[in-house]
Amino acid sequence: MDVTPGTGNPADHPALSAQLGDTAFGYFYASALRAVTVHRVADHLADGPLQIDELARRADLHGPSLRRVLRLLATRGIFQEDEQGAFGLTPAAELLRTDVPASAHTGMVWLTDEIFQRSAAGLEDTLRTGRTPFETAYGMPFFDYLLTDADAQQLFDTGMANMSGPEDELIADAYEFPATGTIVDVGGGRGGLVRAVLRKNPGLSGVLFDQEQTVAEHLFDEGAGAKEIAGRWRTDSGSFFESVTTGGDIYVLKHILHDWKDEDCLRILRAVRTAIPAGGRLLAVDAILPPGNEPHTAKVLDIIMLTVVTGRERTEQEFRDLLGEAGFRVDRIISTPNFSSIIEAVPV
């Protein structure tokens, strides 16, 4: 990309002006995506394209408005309009269906929720004050808020489980787990990663550690794989700021550290350091911020962390420094096929 300074006259740089405009309009795309996801439009197209009147009738929606929203999303490869004016699914839109194995429906409802929209709107103030926009909008920290709103907690748990599902399989494949032993997933949500690891490693047992209301909704009894892992898992609950389950051989912190500022991360890591045996391993799974100006998911996640919680994404060196201060040494970093890396560390 040419980054040579120009004259500042938009007429001299039409492509750059369009780039700015497209970025400014971004929230309309997100709002359009949320609208069709909430109304489950993709489910009605599972058997093939439909004319807009028929699609609107089946979905009980306003046809002219639906056409305009689908037409916008089609410019991003989400849905497509054929020459006869019928709308159908694209590979991306297929993932919005609720009845497909890799459905992203719940995750998209979560990511486009008002919580994120209101928080993002506060970035202007954050640049002046450094305050977390969520706390300004809602009057308390994000995780405290979840404890006061059962619906928000449920959406968070199900949304995170939905988005983590495909990644759990990738992590289970990317890391060579031992033949025997116990894996403890600290802050592991509903247990998707533990389930994936146990299914691929029949000699392992697993512990899901999280808040009581979260582990109560665990996934271990769901799906065809429930029988494969029966008798090899258990749940435990508590605050990872205070202590975590002992007796594990491998401890996992998957997308936990990026939620918290360094001081809080050190509390979590020291709780794990107390529980982990001398020969144990810690797997910190997070995105690693790359240098340079190229797009990367970590750079988007970093802004989510800035606006919603007190955490941030970190560079490789920042992870090494943080883990070192908590009594761990990074042994290696393993890439996965998506945006996350597995940072393997040992107690020292």
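The expected span is 1.5 Å times one less than the number of residues. Helices (H or I, at least four residues) and strands (E, at least two) are DSSP runs, numbered from the N terminus. The model is predicted: local features require pLDDT of at least 70 and side-chain atom pairs pLDDT 80 or more, while totals for chains, interfaces and linings use all residues. Residues are numbered from 1 along each chain as its sequence is written, and side-chain values use heavy atoms, with hydrogens and water left out.

Tyr29, Ala32, Leu33, Val36 and Thr37 of α2 are buried. Buried denotes under 20% relative accessible area, exposed over 50%, and partly exposed the range in between (1.4 Å probe, protein chains only). Viewed down the axis of α2, the buried residues fall within an arc of 130 degrees, so they line one face of the helix. The arc is that of the directions from the helix axis to the C-beta atoms. An α-helix has 3.6 residues a turn, so residues three or four places apart point the same way. The cover over the buried residues of α2 includes α1 (14-24), α4 and α6 (105-111). Contact means heavy atoms within 4.5 Å. Just after α2, arginine 40 adopts a positive phi of about 55 degrees.

Helix α4 (residues 63-74) has 12 residues. Its first and last C-alpha atoms are 16 Å apart, close to the 16 Å expected at 1.5 Å a residue. Gly63, Leu66, Leu70 and Leu73 are buried in α4. Among the elements covering them are α2 (26-38), α3 (52-59) and β2 (87-88).

Phenylalanine 79 sits in the loop between α4 and β1 (80-81). Its phi is near 75 degrees, a positive value in a residue other than glycine. Phenylalanine 79 counts as buried, at 1% relative accessibility. Histidine 255 lies in the loop between β6 and α15 (262-275). Histidine 255 is not a glycine, yet has a positive phi of about 50 degrees. At 10% relative accessibility, histidine 255 is buried.

Helix α7 (residues 114-121) and helix α16 (residues 297-308) have axes that come within 9 Å and cross at roughly 85 degrees. The two helices are therefore roughly perpendicular. Axes are lines fitted to C-alpha atoms, for helices over the stretch in contact, and angles run from 0 to 180 degrees between N-to-C directions. Angles under 35 degrees count as roughly parallel, over 145 as roughly antiparallel, 65 to 115 as roughly perpendicular and the rest as oblique. Phe116, Ser119 and Ala120 in α7 meet Ile304, Thr307 and Val308 in α16. Four residues of this contact are nonpolar, two are polar and none is charged. Ala, Val, Leu, Ile, Met, Phe, Trp, Tyr, Cys and Pro count as nonpolar, Asp, Glu, Lys and Arg as charged, and the others, Gly among them, as polar.

In helix α12 (residues 192-200), the buried residues are Gly192, Leu193, Val194, Ala196, Val197 and Leu198. They pack against α11 (150-174), β3 (181-186), β4 (204-210), α14 (226-229), β5 (233-237) and β6 (250-254). Alanine 161 belongs to α11. Its relative accessible area is 21%, partly exposed. Alanine 161 and glycine 189 are 28 residues apart in sequence, with C-alpha atoms 7.1 Å apart.
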